[in-house]
Amino acid sequence: MSGRIPIQVTVNGRARAFEVAAHHTLLEVLRDDLQLTGTKECCLVGECGACTVRLDGRIVDSCLVLAVEADGGEVTTVEGLASDGRLSRLQGAFLDEGAVQCGFCIPGQIVAADDLLRRVARPTVGEIQEGLAGNLCRCACYGQITAAVAAAAAAEAGAR
Amino acid sequence: MHAFSYERPATLARAVALLEAHGPEARVLAGGTDLIIRLRDGSLAPTVVVDLKRIAELEPGIREADGRLVIGATTVMTDIAADARIRRRFEALAEAAAVVGSVQIRNRATLGGNICNASPAADTAPALLVHGAVVVIAGPSGSRRIPIDGWFVRSGVTTLGRGELVTAIELPLPAAPMGSVHLRRTRRRGHDLASVTLCCGVDASGVTRLAYGSVGPRPVLAVDATGVLADRDAAPDARTGLLERMLAEATPSARSMRASPDYRLAMLRVLARRGVDIATARLAAAEGRR
Amino acid sequence: MSAGMSAAAGAAPGAAPGTATGTATGSGRVGDSPRRVGGHDRVTGLQRYVADLHLPDELHARLVTVPVARARIVTIDASAAERVPGFRFVMTAADLPQPMPRFGPQFRDRPVIAVGETKYHGDPVAAVAADTRDAAEEAAGLVRVDYEELPAAFTVAAALDPAAPLVQDPSLRPNDPLVGTNVLREHRVGWGDVEAAVADLVVEQRYTFPMVTHFAIEPHAYIVAPDGDGIAVWSSIQHPNWLQKVLAELLRLPLSKVRVHSPDPGGGFGGKQHTKYEPLVAFMALRAGRPVRLVLTLEETFQAVRRAAAEVRVRTGFQSDGTLAFQDIEANYLIGAYADIADRVVGKGSYPGCGPYRVPAARILARSVLSHTVPSTAFRGFGNPQVNWAVESNLDEGARALGIDRLELRLRNLARPGEAFIPFDTPCDGQWEQSVRRAAELIGWGRPLPAGHGLGIAVGIKSGPTTGLSYATVRLLVDGSVIVFAGTSDMGQGARTVFAQIAADELGAPLDAVTVVMGDTAIVPYDQQTSASRSTVLMGNAVLAACREIQGKLRAMAARLHGLDEATVMVDRGVVRLPERELTILEVLVPGLGRLGGELIGNGEMRKDAEPDHPLGGSAAFFEFNCTAVEAAVDEETGDVTLVHYATVSDVGKAINPLQVRMQDEGAAIQGLGHTLMEHYIFDESGRIRNLGAIDYRIPTSLDLPLEIVSEHVENEDGPGPYGSKGMSEGALLCVASAVGAAVRDATGVAIRDLPLTPERVWRALQERP
Ligand SMILES: Cc1cc2nc3c(=O)[nH]c(=O)nc-3n(C[C@H](O)[C@H](O)[C@H](O)COP(=O)(O)OP(=O)(O)OC[C@H]3O[C@@H](n4cnc5c(N)ncnc54)[C@H](O)[C@@H]3O)c2cc1C
């Protein structure tokens, strides 16, 4: 298969069918073809995590995934986390704890943190730091991000 | 990234046929965490990329068969690190898988990719050497199996031939308990490519297996069958001398910017000493549990 | 004036122990910590950074470079590139006006594109424009550049060698006595007589500071579009107005025909100050007659911005009681191939080099040494961390030799409020001792430690802006909501939130009814720049002044409505006070504006004029002061350094938003741990950056933090900004290396004078320990 390849992907809950170039990454397709620019581009080598999305239930660096690999799959980007314009508990916690400075890494951080909380309901500090180690923040809000994830987990537990 | 054509074979036979037909023009794609970087930086420019992830016979997974644990080549690090059998029987491998990159990387990075990429720093290599892994290969003339000790040639090069690919990695289930540990040196605590990797395994008969990487063109396995290294009561000089001989094959390159050769060699010794201690203690704990 | 310390917010329940966090609270008045303004879009992915914007019909640009630092460009052959479908054109020096237009904030030495020779690894020799990003990338890869590598200088020693090749074309600085050297400028300040000073102990050492890069997670991005008879520009820049001026001059356009949009940068740290590739993209857009976009790769940002490396020799004289007798400092900063703002960094960064101490005699000589490396520019701390590392470390050496406690030695020499510690500058403007004592207390200074652990303490000081000009316009709309126009760039520091809080407080509006408009030179009034931790003070004062002008109008309105003498009406923090009663702002505004509605407009100006006779061209608007104290544990077998406790205390005058203050201080601290522990460029013999990119240039991750970090701030409302605030956000970075280095020294007994303190470097120092 070369040239444009037809693929079907469910993006943020919406089934979509479109064509992609074989050599285009999921990141490029999300940003350029689907205009989902919340997913950010920085290092392109899987180091910074700014391009983190959830693919079939697991987070990945979308710069290291070809778009065709997502064919038949399910992708969640940061745009898929707030429902009806209402912030998720985690998004609110990021703001409350002061975890957001320039904001460029934040979509990736939040997608990664959301994934962590799906796997571990009440993560320890160590688990949060490990779970988010693939997301660089040069404003270095790491302490605040850790606190935000912990606060969201606590609030979630309280709400249950 | 250069354009290429993308193939997604549904069967192993089709994959092998594609690889054989295209030879060096084709590249296997597993998790892509090594390959896509090299496609982007232009150091690899295949015309065909063959994705293994839709091949029925290559479903990821870990199963027990005939006294072996069979890890599918496309099994990702996340699943290896989490597997209860691996954590219990092959602790070092679980530890190695758990430190490959970040969560995002481990969700994609496959065991097959790690050994086929054949970086001297590949984290799983020392553990696979210590645990006596066998690489299962499919190719134009059927399937073959080779011990991992004969797999690595040099950085980026393995004994894999034209048209071949790795389908699984097998680990013989040890009859007696073994204590094993994976240790590494990195430039920061956050994820990093290692400047020294080391795995130590000590079994109940006192045999110590040390494997180390990132200090030469390929990972090295050294075995002490005398039992001296694992014997805490042995003369310190004897243990030191033995260790020195076991580490003698380390030949770190002066060209690397990650660490200088003398630091790597010094750290190899530190990790080896610590590794023997931890593996011995783990063995004792395992024996205690029995 | 309320004196004293703000308490550290305790760890939130369930939060990381040691990650003391504040939580957003309050309605958004001054002193509250509301959720950041603009935060919603940042957590939902809706925030648009430059690379997220697309213009119809745009072309994609890509730079072409050669893999060595200095090379003579022999030929550029684009014939293969031209065959790529979608290729439009290639731009080289030959396609630009002759002589080559040059720009630069201090010296006009930087060409729009390399002309004749490249001067550093990454200096673009050509740029390709194509219909798609793929085509631009492919075509750029096919442009063949024949070049001849030339001798080059990448270190201070090599650049200062009399036989060194000259980095800068001598014709660019005629009549300059230093023209035959690679020294761009020398900066000398001092007082007293160092030669005659008598000291009981003299400590002389040499220290080095590495070359590091900003690594903003948002790579720089530029879009330029022809726009009628002018151009429209989008750039992730920290000072749209300065960029506007540079482009207007280069393109010979009136300022009004250059419209700069500067969407909030995704991290700046100084690296997004000053024009970089905007002129090139502008010339390309004008040539194409279409918009052209250039989004740098992270690697290209390493080749665009960095901090100056430095070699610093310090000779400190002490009396036997620890009193300082003199400081004699010689700092060679390794700047890059083009000056950018680097020479100002050198001059201003070395100037307070003696620190916040009473020093009877001082001599500071700092050189800007040109080299064939990436142009260095502003970077959080602006030249101060380099000298701080040397001078604070040297104080420790002296204290140890004299047997005086290192904290005690600092307290003994620390300037007291009002003391002119730099004789010709703003006197000490804070109760600095409070910060020092508090940091020491937080770390448990003096307590017994386990083996292999050590304590370090250091202070940092930085001269705030020396000149400034900020205008703000505030509009109070008929429903009581407010629009603030302020030309600051909110690159994460939270300026938008602070201005909104000021306006909300002064005009009695709820915070969410305040909109802050920034980043468009066609709409927002002039601001000199976002730098030097100035915005809360300078733009903050302009916003405050604009609000006060509106308050004046409200007073007149209230007086008119109620038949009172204006002098009897007061407007104070959102309330209108008549002699007999209080009204809300709306109760005056609505009837006052009458049937047609409308609005009240206020303008504010904050100006800090230059002082021509001052060594820096102006005295400090304020000083940023910080004290950092650290407990480190060192693994002697491996050289690993673990920061067990970390305390940072800054004097901020008044925390308009305490949570943001904490975020800035902790962020600065961790950013500083980068150059302290792991970051540095590595070059090969051709001056090529070997660790180009995120794989081998390591910055701190969430796993590289101190085990515990506490930040506090001192508030005495003694600053020149609104409500007594001072600028902050660089302070906590200034002495990170000094404090950590001191703790490592304390733990091991070995002084390491080169950064970063990588495990290998620490291990090596331990091997060489006698
Ligand atoms: C940010 C980052 C951090 C990393 N950190 C680490 C680390 O800490 N430790 C470490 O060891 N590695 C690390 N890596 C490298 C990489 O993730 C691992 O080597 C990974 O296991 C590769 O697996 P993959 O499935 O992604 O391989 P791919 O990229 O898909 O393939 C790698 C190579 O192997 C070939 N190949 C793959 N599978 C097969 C097969 N079954 N048969 C034949 N050939 C095959 C491919 O053709 C290619 O040449 C890191 C990578 C990144 C991007």
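Q: Where is Asp66(B) found?
A: In this predicted model, Asp66(B) sits in the loop of chain B between β4 (62-65) and β5 (68-72).

Q: Why is Asp66(B) called exposed?
A: Exposed stands for a relative accessible area over 50%. Asp66(B) has 66%, so Asp66(B) is exposed.

Q: What makes the backbone of Asp66(B) worth a remark?
A: Asp66(B) is not a glycine, yet has a positive phi of about 50 degrees. Most residues other than glycine have a negative phi.

Q: Which residue of chain C has a positive phi of about 55 degrees although it is not a glycine?
A: Phe215(C) has that positive phi. Phe215(C) lies in the loop between β10 (201-209) and β11 (221-227) of chain C.

Q: How do you know whether Phe215(C) is buried or exposed?
A: Buried requires a relative accessible area under 20%. The value for Phe215(C) is 1%, so Phe215(C) is buried.

Q: Why is Leu692(C) called partly exposed?
A: Partly exposed covers what falls between the buried limit of under 20% and the exposed limit of over 50%. Leu692(C) has 26% relative accessibility and therefore counts as partly exposed.

Q: Where does Leu692(C) lie, and what does it touch?
A: Leu692(C) belongs to the loop between α15 (658-678) and β28 (709-714) of chain C. Not counting residues up to four places away in sequence, Leu692(C) touches His121(C), Glu299(C), Phe302(C) and Gln303(C). The C-alpha atoms of Leu692(C) and Thr301(C) are 9.6 Å apart, although 391 residues separate the two along the chain.

Q: What makes the bond from Gln98(C) to Pro99(C) stand out?
A: This peptide bond is cis, with omega near -10 degrees. Most peptide bonds are trans. Pro99(C) is placed in the loop between β3 (87-92) and β4 (102-103) of chain C.

Q: Which peptide bond is cis with omega near -5 degrees?
A: The bond from Leu755(C) to Pro756(C) is cis with that omega. Pro756(C) is in the loop between α17 (736-748) and α18 (759-767) of chain C.

Q: Why is Glu164(B) called buried?
A: The limit for buried is under 20% relative accessible area. Glu164(B) has 13%, so Glu164(B) is buried. Glu164(B) is in the loop between β9 (157-158) and β10 of chain B.

Q: Why is the ligand site called shared between chains?
A: The residues around the ligand come from chains A and B, so the site is shared. In total 38 residues surround the ligand, with Val28(B), Gly31(B), Thr33(B), Asp34(B) and Thr110(B) the closest.

Q: Which side chain has an N or O atom 2.9 Å from an oxygen atom of the ligand?
A: That side chain belongs to Asn114(B). The protein covers 95% of the 980 Å² of accessible area that the ligand has on its own.

Q: Which element gives the largest share of the shell around the ligand?
A: The largest share is five residues, from α7(B). Sorted by class, the shell has 21 nonpolar, 10 polar and seven charged residues.

Q: How do you know that the radius of gyration of chain A agrees with a compact globule?
A: A compact globule of 160 residues would have a radius of gyration near 15 Å; chain A has 16 Å, so the value agrees. Buried residues account for 69% of the 160 residues of chain A.

Q: How many helices and strands does chain A have?
A: Chain A has five helices and five strands, in the order β-β-α-β-β-β-α-α-α-α along the sequence.

Terms used:
Residues are numbered from 1 along each chain as its sequence is written. Chains are lettered from A and ligands numbered from 1 in the order in which they are written. This is a predicted model: local features need pLDDT of at least 70, side-chain atom pairs count only at pLDDT 80 or more; totals for chains, interfaces and linings use all residues. Side-chain values use heavy atoms; hydrogens and water are left out. A residue is near a molecule or strand if one of its heavy atoms lies within 4 Å of it. A polar contact is a pair of N or O atoms within 3.5 Å; within protein, one must be able to donate a hydrogen and the other to accept it, and residues adjacent in sequence count only if both atoms are side-chain atoms. Accessible areas come from the Shrake-Rupley method with a 1.4 Å probe; for residues, only the protein chains shown count as cover. Helices (H or I, at least four residues) and strands (E, at least two) are DSSP runs, numbered from the N terminus. Ala, Val, Leu, Ile, Met, Phe, Trp, Tyr, Cys and Pro count as nonpolar, Asp, Glu, Lys and Arg as charged, and the others, Gly among them, as polar. The radius of gyration is taken over C-alpha atoms; the globule rule is 2.2 Å times the number of residues to the power 0.38. Buried means under 20% relative accessible area, exposed over 50%, partly exposed in between (1.4 Å probe, protein chains only). Contact means heavy atoms within 4.5 Å.
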